[in-house]
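Today I am opening a structure that is new to me, and I will jot down what I look up as I go. Come and read along.

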Amino acid sequence: MISPSSAPVTSAPSSKSAMLAFAANVAGAIQSATGEEALVRRVRQMLIDAIHDETFSLDCIEEAIDAIQPPLSDWVNPPIVNDEVNNFSVRLIYWPPRFLNSAHEHTFWTVTGVFSNALTFRTYFPDTGQNGEGFQVDREIKGKRGEVGFILPPCIHTVGNEADTPSISIHVFSGPKLIEDSFERGRTTWYPDEGSPDPSPMFTLNHAFQAMIALLDSLDNPRALDLLDRIFAIAGAPARLACAKAIARRDKVRAGHRLLELAEQCTGEDAAKLHKLGTAFLAEQVSK
Ligand SMILES: [Fe+2]
């Protein structure tokens, strides 16, 4: 994770300059803020502008990959920006297909954007009906990549991925850290449904990789190919196969080599199929 106050800013294309510029802009907005609503609206516009810049997306994914360190089983999805001076963090959250989290609310303002694919946001008001339990939907917002909203507390809400493919959200979370050894800013109060013992979206690294791969596959940029290779180098077999497929759409030779590597990792029929396909990709290139 990057701490804006201490991280060097350079102008090289892979210096994450777009992400650092966004973090610096948010810090500046917080420092000069005169009111909460004006501040969140300003940060919201900054995030809209940022997501529309492909370099920003690549910077964020690169930072998320850089933050993945062994042992991979200890991965807990750290923020990609953490600013203790101005009390905010920027986080990517990875949503598997058809996943809906439980109703919850945050202590401080947040700005949330759809970073990849699509997400559905619902806000609720407490149900004061006969039972006095549960919540009723107040608003439902279906967001596509690049769309951004904000939440001023109190606001009970859920986030869901209704698609058959993974999605990613990007969040600016404000407020001080209240829980030691946690990335959380302020405190999140969860209202889990019955039967959902773990309401928070702490997914596995494989979920994160699959969501990153889906986004990188959609970005027509040479850097995306390099980031797919970086994921391939550290991921498990399912994500490695998804990487190889995404690479194959743009670079058959590169994909051929990756498939042969993956074949080495597998056994039996899978290994034979991967070896055959990898060899075919390489042969295809030679015959051109
Ligand atoms: Fe939330």
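Predicted model: local features only at pLDDT ≥ 70, side-chain atom pairs only at ≥ 80, totals over all residues.

**Entry 1: Leu-215**

Residues are numbered from 1 along each chain as its sequence is written.

Is Leu-215 buried or exposed? I found 24 other C-beta atoms within 10 Å, so Leu-215 is buried. (Buried takes 20 or more other C-beta atoms within 10 Å of a residue's own, exposed 12 or fewer, and partly exposed is in between.) Leu-215 sits in helix H4. (Helices, H or I of at least four residues, and strands, E of at least two, are DSSP runs numbered from the N terminus.) I also looked up Leu-58, which is 157 residues from Leu-215 along the chain; their C-alpha atoms are separated by 9.5 Å.

**Entry 2: the core**

Next I looked up the largest nonpolar core and found 62 residues, with Met-212, Ile-213, Leu-228, Ile-231 and Cys-243 having the most contacts inside it. (Such a core is a set of buried Ala, Val, Leu, Ile, Met, Phe, Trp, Tyr and Cys residues joined through C-beta atoms within 7 Å.) Helix H4, residues 205–218, gives the most to this core, with 8 residues. The core lies between domain 1 (17–205) and domain 2 (220–286), because both give residues to it. (Domain bounds come from an automatic or database domain assignment.) Beyond four places in sequence, Ile-213 touches Leu-228, Ile-231, Ala-239, Ala-242, Cys-243 and Ala-246.

**Entry 3: helix pairs**

How do H4 and helix H6 (residues 237–248) pack? I noted an angle of about 5 degrees, with axes 9 Å apart. (Axes are lines fitted to C-alpha atoms, for helices over the stretch in contact, and angles run from 0 to 180 degrees between N-to-C directions.) H4 and H6 are therefore roughly parallel. (Under 35 degrees is roughly parallel, over 145 roughly antiparallel, 65 to 115 roughly perpendicular, and the rest oblique.) Among the residues making the contact are Phe-209 and Ile-213 of H4, and Ala-239 and Cys-243 of H6.

I then turned to H1 (residues 17–31) and H3 (residues 54–66), which pack at about 95 degrees with axes 7 Å apart. H1 and H3 are therefore roughly perpendicular.

Technical notes
Contact = placed C-beta atoms within 7 Å.
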